[in-house]
Amino acid sequence: MKNTRMNGYLKAGLILTGFLTALIILGFFWTPYDPEAMMAGPKLQGPTWQHLMGTDKFGRDIFSRVLQGAGTTFTIAASVVAIGAVCGTAVGALTGYFGGIVDEALMRLNDALTAFPSILLALVIISILGPGSKYNVVLALGLVFIPSFARVTRTAFAALRDVNYVKSARLMGASRRRILLVHILPNTMQVLLPAITIGFNNAVLAEASMSFLGIGVTPPDASLGYMLSEAQGMFIAAPWYAIGTGVTIVLLVFGVGLIGEGLQRRDKEVD
Amino acid sequence: MKKRLTAFLLLAALLCAVLTGCGGGSADQTPAEKDPSTDAAPVANEITVGIANDLDDSLDPHKTVKAGTREVMFNVFEGLVKPTPDGDLTPAIAEDYTVSEDHLTYTFTLREGVKFHNGDPVTAEDVKYSIDRCADDSEGEPLVPAFLIIREVQVVDEKTVTITLTEPSNEFLSYLTAAILPAGYDGQDTAPIGTGPFKFVSRAAQDTIVLEKFDEYWGDPAYLDKVTFKIVENADSLMMSLQSGAIDLCNHLPTTQALQLSDDFYIVEGCMSLVQALYVNNAVAPFDDVRVRQALCYATDRQQIIDLAFDGYGSLVGSSMYPTLGKYFDDSLTDTYTYDTAKAKELLAEAGYPDGFDMTMTVPSNYPQHVDTAEVLAEQYKAVGINVEIIPVEWNSWISDVYVGRQYQTTVVGVDASAMTARAMLERFNSQAGNNFVNYQNDEYDALFQQAITCYDDAEQTALYKQMEKNLADNAANVYIQAPADLVAVRKGLEGFQFYPLYVMDLSTVRFAQ
């Protein structure tokens, strides 16, 4: 049943994401310049060997800021997916396995939440929590991401509730907790893993959009979305600013997207 | 399988394009080849002016609330007196006026031959109607609050009007710039009629406003026959309209865009009538200590702010007064504090903060130039150990929390005056002022203010206002930075654009060079 064979998508995705992750981790400890130091070079200079991605309007090194910003964006996206996946799976497990009135109530609430555009919902939550803090962004986006995970895992739990090995476990007197965690959960990985990779990409873009709108990460901290919004105003004067930042977002999303695609394909090949 | 991959790549690229907005489109837009015929003498004596906002409030000059609307309609309306480019007042509809000994009675003699745009002559009745309309307090606050002190407007004869006041005011005259309108006409909202050098022709919502030269204007006639105001809300489209030749003149241009302009334009640099500063809540610790505020002043490299956040445009100031207000501006205060981190550290140590402290800067996120300034300040203050947290808030929360609620430590904004007077700028720092959002409390300042507003000798009053400015500078009420530049892009071949120390755009002097 277990298949560890790599396919092209998975390989390419892992290499790309691995490379970017390595850069991001490097960025936590070392950047070529202090990302916040102004006048590290001449302002609005194109890419040179000293400044690989050029400099911004304050003369800050864009490459250093991209490293730091990608780190911020990556951390936020990972935390958001963690909140969404853990809470979503819990809700999905409860509703899918037990069904009944709890299922109805929670899933209708879920529908209600999904009815709002997710960014809008996150905006509302942030305006309640108060803007200007990374943690509030994580919390708001995390909450918004719960319904989609809940829906995916609920289906899996509901389907596995009545398969023979679960029935046998129940007959043997296994506790409900044991059935849910040991017997069913590992078998939902097939749907959960791709959902996580897709969720991660959505979270990267959601954080970028929020910061782009000016309610996410606050200056002078770098985040890819905030940098992109800064770059917008000077697209003609400094195209490298938007390109360097934008391409980083694309690669980050693309790499994880490839992994997700590869995982799905691998599972299909087995079936 | 291949399809999915392509779709994926496309999606990723698309998302990125969406995030960068329309900026992407302008990169591959090659500027249109210039038509040689436009280089020759202009065929039509008309221009198109780009403005950022539609005039979607009332066009009635007494009811207009938006600065952008006032700015355009300045060309259509006039009062008994009108402002001049150097900040003074000059008689307009009134030819002359006298003020009684007790400063309570103003007598205006109306100018001969002033006509409304509908052809009717301006009479004393029209003047009485217009001023009474602004002073009417039957439905709460009058349209011009300063007119509350009017006791009566009397028509003496066809050409003479007297205004009597309940109490003397040395500011009253400056409010008589309020527009004079034809009595009884009720179409001002949509089809305004005034006496200015241009008459209103039409407005297409979200698109254009058209003004034409008024041939029977009493004064120097406008040079242009027709001016079309084109509404371009998006900054990128504005830029493209300038490049393509659709717009000939545009004011309030951001500095980054000014740098991107082609050779077809030249920049006229004026000075905005506002003071950009790090406004400090004087009532909260540690900013209630004058040494801390002074330390902030010494730790601020104002020239670097202008260079980094404003591309080098702007004039340094040292107090709450901007250079365009001519005689009230004291240039010697500009250098009260020069950049000196050693001195800043010394003052901080004296005040009990040898290692600096943490502070917050609340900035309105819809003003990128203020957010940029905050970023530069945060970086500069690191040198003296002050750790700044920037809190961007949207404009409405800024108004409610900072300006009205006064719940903040420091904020970067530009503060302007409601009228073209020194008093309007300085009044807010007296301890009783309702709009004293920095909580400045200084007995000497309050005393000077009382003296100044009851003084009728111009020279003496000016001196008092300057002392007040010095008081603000010496006590470091705020960290004063600059009066931002107001950049106007003008197509080459046009000349005569004049700046006012007010938020207005006078097009009557703009002309094609011959």
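Strand S15 (residues 358–364) and strand S17 (residues 410–416) of chain B run parallel and are joined by two bridges. Strands pair here if DSSP finds at least two bridges between them. Helices (H or I, at least four residues) and strands (E, at least two) are DSSP runs, numbered from the N terminus. This is a predicted model, in which local features need pLDDT of at least 70, side-chain atom pairs count only at pLDDT 80 or more, and totals for chains, interfaces and linings use all residues. Residues are numbered from 1 along each chain as its sequence is written, while chains are lettered from A and ligands numbered from 1 in the order in which they are written.

**Sheets of chain B**

Contact means C-beta atoms, placed from the backbone, within 7 Å. Axes are lines fitted to C-alpha atoms, for helices over the stretch in contact; angles run from 0 to 180 degrees between N-to-C directions.

The sheet is open, has six strands and shows mixed pairing, in the order S14-S18-S13-S17-S15-S16 (chain B). Strands S14 (315–316) and S16 (387–393) of chain B each have a single partner strand, so one side of each lacks a neighbour in the sheet.

A second open sheet in chain B has seven strands, ordered S8-S9-S10-S1-S11-S19-S12, again with mixed pairing. Its edges are S8 (198–204) and S12 (265–271) of chain B; each has a single partner strand, so one side of each is left without a neighbour. Strand S11 (residues 249–250) and strand S19 (residues 485–491) of chain B run antiparallel, joined by two bridges. B:Leu249 has B:Val490 of S19(B) as its bridge partner. Helix H6 (residues 235–244) of chain B packs on the sheet, touching S1 (46–51), S11, S12 and S19 of chain B, and its direction makes about 160° with that of S1(B).

| Helix (chain B) | Reference strand | Angle |
|---|---|---|
| H6 (residues 235–244) | S1(B) | about 160° |

**Domains of chain B**

Domain bounds come from an automatic or database domain assignment. For chain B it gives domain 1 (46–55 + 196–271 + 489–512), domain 2 (77–177) and domain 3 (273–483). The centres of domain 2 and domain 3 of chain B, taken over C-alpha atoms, are 36 Å apart. Seven residues of domain 2 of chain B contact 10 residues of domain 3 of chain B.

**Chain A**

Chain A has 10 helices and zero strands. Its C-alpha trace spans about 75 × 45 × 30 Å along the principal axes. Mean pLDDT (the predictor's confidence in each residue, from 0 to 100) is 83 for chain A, with 96% of residues at 70 or more. Confidence is highest in helix H1 (residues 8–29) of chain A, at 90, and lowest in helix H9 (residues 224–232) of chain A, at a mean of 81.

Of the 271 residues in chain A, 47% are buried. Buried means 20 or more other C-beta atoms within 10 Å, exposed 12 or fewer, and partly exposed in between, with C-beta atoms placed from the backbone. A:Met210 sits in helix H8 (residues 189–212) of chain A. A:Met210 is buried, with 24 other C-beta atoms within 10 Å. Not counting residues up to four places away in sequence, A:Met210 touches A:Ala122, A:Val137, A:Ile215, A:Gly216 and A:Gly225. A:Ala122 is 88 residues from A:Met210 in sequence, yet 8.7 Å away in space, C-alpha to C-alpha.

How values were computed
Two residues are in contact if their C-beta atoms, placed from the backbone, lie within 7 Å.
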